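Subject: Structure for your files, with notes

Dear colleague,

Please find the structure below, with the sequence. My notes on it follow.

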Amino acid sequence: MSPTVDHYRIVPELTVPDYASDMLKGVVSATHAAVQANVDRLGAGTPSSAPKFIKLLRDKKIIDDKNQSIATTNHNDTVAALREIEASMDANDEGVDSSTYGTYSVAGDAYVDIERAVKQLRGTLDDAKQAPGPSYDAAGKAYWPESVEGPLRTACAATAATVEQRMLDAATDIQRHADHIYNSAPANPTSSGYGGTTAPLTTPWSGHSFVPPADASTIDKIKGFAANELGVAETGTNHVNRPYNIDDAWCASFATWVWKQSGIDVDWSNKNYVPSVWSDAAHRGWADSDMSSARPGDLVVFGGQHHIGVVVARDGNTITTIEGNSGDAVRQHTYNLSGGNFTGVIHPPAKTPANV
């Protein structure tokens with residue numbers, strides 16, 4: 001598995017002088033945390049799931065609906081609110097697995113734009129140190145008046161808004177990229193395209209639901225739920241009368257449904273799109289490109305990330321899978337690990353997380 005690193009790219013620090021107010025320091029620190037969290041989501045290929053910093057600032061009445069700073073005399077409450085917001089940004093920034101770098105070509109382009117916005121904000125903060133520089137109270141203590149700090153808080157909000165808009169653009173670009181891959185992929189893969197053989201589809205689906213024994217292990221449940229669907233076939237283009245129907249290519253929906261029925265409920269960023277499932281799994285440390293580690297209960301992702309199935313058996317250098325949307329049906333296949341066309345396998349997590 002790929003090593004885990006902290007950040008996709010390190011966002012340059014944003015600093016203000018010691019004489020700046022705690023409120024401005026809080027805005028600057030929270031802005032930096034928000035930008036870093038957004039950048040890491042970008043690197044993971046999931047910009048649409050990035051935290052919404054601007055909304056939190058508006059909710060706390062720190063900026064208005066035009067992203068202008070709101071002056072307040074209640075500094076202590078505002079500083080406390082900013083600390084909560086910064087903690088929220090940090091909680092949404094779980095780092096990025098290095099295997100997700102470059103998953104989407106738009107990541108680098110978007111980062112260049114984000115870095116430019118951050119550098120501009122750094123320049124604005126640095127310029128304020130020089131001109132007008134600090135003011136001094138009667139005791140000779142340096143400070144920045146509201147006439148300086150207000151526009152600087154607005155500049156922070158403007159930068160954060162620019163980053164969030166760029167993330168929305170990146171999400172659109174990634175979806176367009178995904179649609180291009182999907183539209184160029186075979187609609188209903190068969191095992192021959194990946195170096196395997198297919199068991200004949202001799203009988204239709206039984207129509208019965210699978211009820212696992214009370215003492216069944218998670219792996220036994222996965223095998224049972226998958227096998228019970230053998231024979232399910234489309235009644236129309238990409239339509240199956242089963243819970244995993246999405247009226248679209250449904251191999252990923254089938255595989256994640258089998259896991260969910262077995263007690264592994266993972267909130268993938270897009271459970272119906274194989275590259276998203278693989279990218280999310282890599283981010284969590286569950287993806288493994290070493291096919292020698294394949295075992296029953298895994299999800300197997302095929303070359304090109306166009307197709308996914310469920311591993312139900314391992315015999316030496318051979319695996320048996322059950323795959324949805326394979327030749328318009330749920331079918332069983334056999335592959336030689338040294339001769340198949342694979343991206344890798346996704347191992348079930350030790351504990352099922354609430355989110356990916």
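To begin with strand 9 (residues 318-326): 8 of its 9 residues are buried, so the strand is largely enclosed by the rest of the structure. Buried here means under 20% relative accessible area, with exposed set at over 50% and partly exposed in between, for a 1.4 Å probe and protein chains only. Helices (H or I, at least four residues) and strands (E, at least two) are DSSP runs, numbered from the N terminus.

Before the rest, the conditions. This is a predicted model, in which local features need pLDDT of at least 70 and side-chain atom pairs count only at pLDDT 80 or more, while totals for chains, interfaces and linings use all residues. Residues are numbered from 1 along each chain as its sequence is written, and side-chain values use heavy atoms, with hydrogens and water left out.

Overall

The protein has 8 helices and 11 strands. Of its 356 residues, 48% are buried. Among contacts (heavy atoms within 4.5 Å) with a separation of 6 or more, 66% are between residues 24 or more positions apart.

Two strands are taken to pair if DSSP finds at least two bridges between them. In general, strands of a sheet pair through backbone hydrogen bonds, either parallel or antiparallel.

On one side, strand 9 is joined to strand 8 (residues 308-315) by 5 bridges, and the two run antiparallel. Val310 is placed opposite Ile322 of strand 9. The hairpin of strand 8 and strand 9 has 2 residues between the strands, and Gly316 there takes a positive phi near 60 degrees.

Strand 9 also pairs with strand 10 (residues 329-336), over 7 bridges and again in the antiparallel sense. Thr318 has Asn336 of strand 10 as its bridge partner, and Thr320 is opposite Thr334. These two strands form a hairpin too, with 2 residues between them, and Gly327 in the turn has a positive phi of about 60 degrees.

Helices on the sheet

The buried residues of helix 6 are Ile222, Gly224, Phe225, Ala226 and Asn228. Their cover includes helix 7, strand 8 and strand 9. The axes of helix 6 and helix 7 come within 8 Å and cross at roughly 130 degrees, which makes helix 6 oblique to helix 7. Angles under 35 degrees count as roughly parallel, over 145 as roughly antiparallel, 65 to 115 as roughly perpendicular, and the rest as oblique. The crossing is right-handed; a crossing has that hand if the near helix is turned clockwise from the far one by less than a right angle, and is left-handed if anticlockwise.

In this contact, Ile222, Phe225 and Ala226 of helix 6 meet Phe254, Trp257, Val258, Trp259 and Gln261 of helix 7. The contact residues divide into 7 nonpolar, 1 polar and no charged. Nonpolar covers Ala, Val, Leu, Ile, Met, Phe, Trp, Tyr, Cys and Pro, charged covers Asp, Glu, Lys and Arg, and the others, Gly among them, are polar.

Helix 1 (residues 22-43) packs with helix 3 (residues 75-91) at an angle of about 15 degrees, the axes being 9 Å apart. The two helices are therefore roughly parallel to each other, and the crossing is left-handed. The contact of helix 1 with helix 3 has 9 nonpolar, 4 polar and 3 charged residues.

Val11 is in the loop between strand 1 (4-5) and helix 1. At 3% relative accessibility, Val11 counts as buried. Leaving out residues up to four places away in sequence, Val11 touches His32, Val35, Gln36, Val39 and Val118. The C-alpha atoms of Val11 and Ile114 are 9.1 Å apart, with 103 residues separating the two along the chain.

Regards

Note on methods:
Axes are lines fitted to C-alpha atoms, for helices over the stretch in contact, and angles run from 0 to 180 degrees between N-to-C directions.
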